[in-house]
Amino acid sequence: MRLIALFLSLVSCTAFSQNIEMVSLGGAGGATDTVSRFLANHIAQTTPHKLIVVSKTGAQHNIAYKYFVDCQGPCFILTGNTMLTNQTMAPTGYPRKIRSIAQPVHFLGFTPLVVLVKKQYDSFEEFIRYAKGNEIKFGHSGPGTSGHEGMDYICSFIPNCFGVQYKNGVDIMRDMSVGIIDVYVTPSVVMGSVLGNPKIHPIFLIGSKIPGNSLRSTVDLKLKKVEDENWLMLFHNGLVDEKITQSIQKSLESLPDEVYQKFPMVKKKVDIDRFWTQELIKHR
């Protein structure tokens, strides 16, 4: 009887400790990678569940999306707009099946885009003055990404843009630091990791004003209105036990406000199901 009890106990422990993966679609140290690792760590500290972070970068996030779709076990992924827009903006390698597989878990909030420039531009006005008479080199990670979206937005009101495509934002910021790239646009969640960089300077936000942040927004600068706000949401692949999902949701719903200062986002309460449905319809 003791052997049977021990066997059942081992089976139970094995099932409970099943590997759960958190798919990271950003380069190491980049915006979504940093937040993904923070969430995995927070979940490990506040629940019995340990999430293994798996980095799958490149191809405008499609490599990560395909890995997520092909997961044979429970998988999570933290992502935003590209999961929908890649169908048209980056169709090569885009797994359309992701739309039916991805199940919303927790909406983190809207993350306006922050415009990062070489340190020599101290303000938006100084950058615009320089741009009127010089070619501006934009780093981005390809059509569909926030960097490309930001480039299209800014290049609509400056005369001479030259886009340079990279695999990830970390490489772009490296080249910004040595003066090769003038501008890079990225979700504001990355701001905390660049503010200490003496070679890179945030000059304004494309989208919503972040509470408690001094950076001006497109509204403050009286620039053209931004129609779509970038967002971040955690999804699972439909193979996660409902009790585990509920446990993780409860953990993330109690994230302290400091998280939204560390990773600048506009925290908004939304009906996840309604939001997800609206986004699906909008991008069909």
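Is Phe127 buried or exposed? Select Phe127 to start: it is buried, with a relative accessible area of 0% (buried means under 20%, exposed over 50%, with a 1.4 Å probe and protein chains only).

Before moving on, note that this is a predicted model, where local features need pLDDT of at least 70, side-chain atom pairs count only at pLDDT 80 or more, and totals for chains, interfaces and linings use all residues. Residues are numbered from 1 along each chain as its sequence is written, and side-chain values use heavy atoms, leaving out hydrogens and water.

**Aromatic pairs**

Next, show Phe124 and Phe204, an edge-to-face pair with 5.1 Å between centres and 75° between planes. Phe124 belongs to helix α6 (residues 124-131) and Phe204 to strand β9 (residues 200-206), so the pair ties together parts 80 residues apart in sequence (helices are DSSP runs of H or I, at least four residues; strands of E, at least two; both numbered from the N terminus). Phe124 is buried at 9% and Phe204 at 1%.

**Helix α10**

Finally, select residues 242-253, helix α10. Its buried residues are Ile244, Thr245, Ile248, Ser251 and Leu252. They cover an arc of only 125° around the axis, which puts them on the same side of α10 (the arc is taken from the directions from helix axis to C-beta atoms). Turn to the face away from that buried side for the exposed Glu242, Lys243, Lys250 and Glu253.

Conventions. Phe/Tyr/Trp six-rings, centres within 6.5 Å; stacked < 30°, edge-to-face > 60°. Expected span 1.5 Å × (residues − 1).
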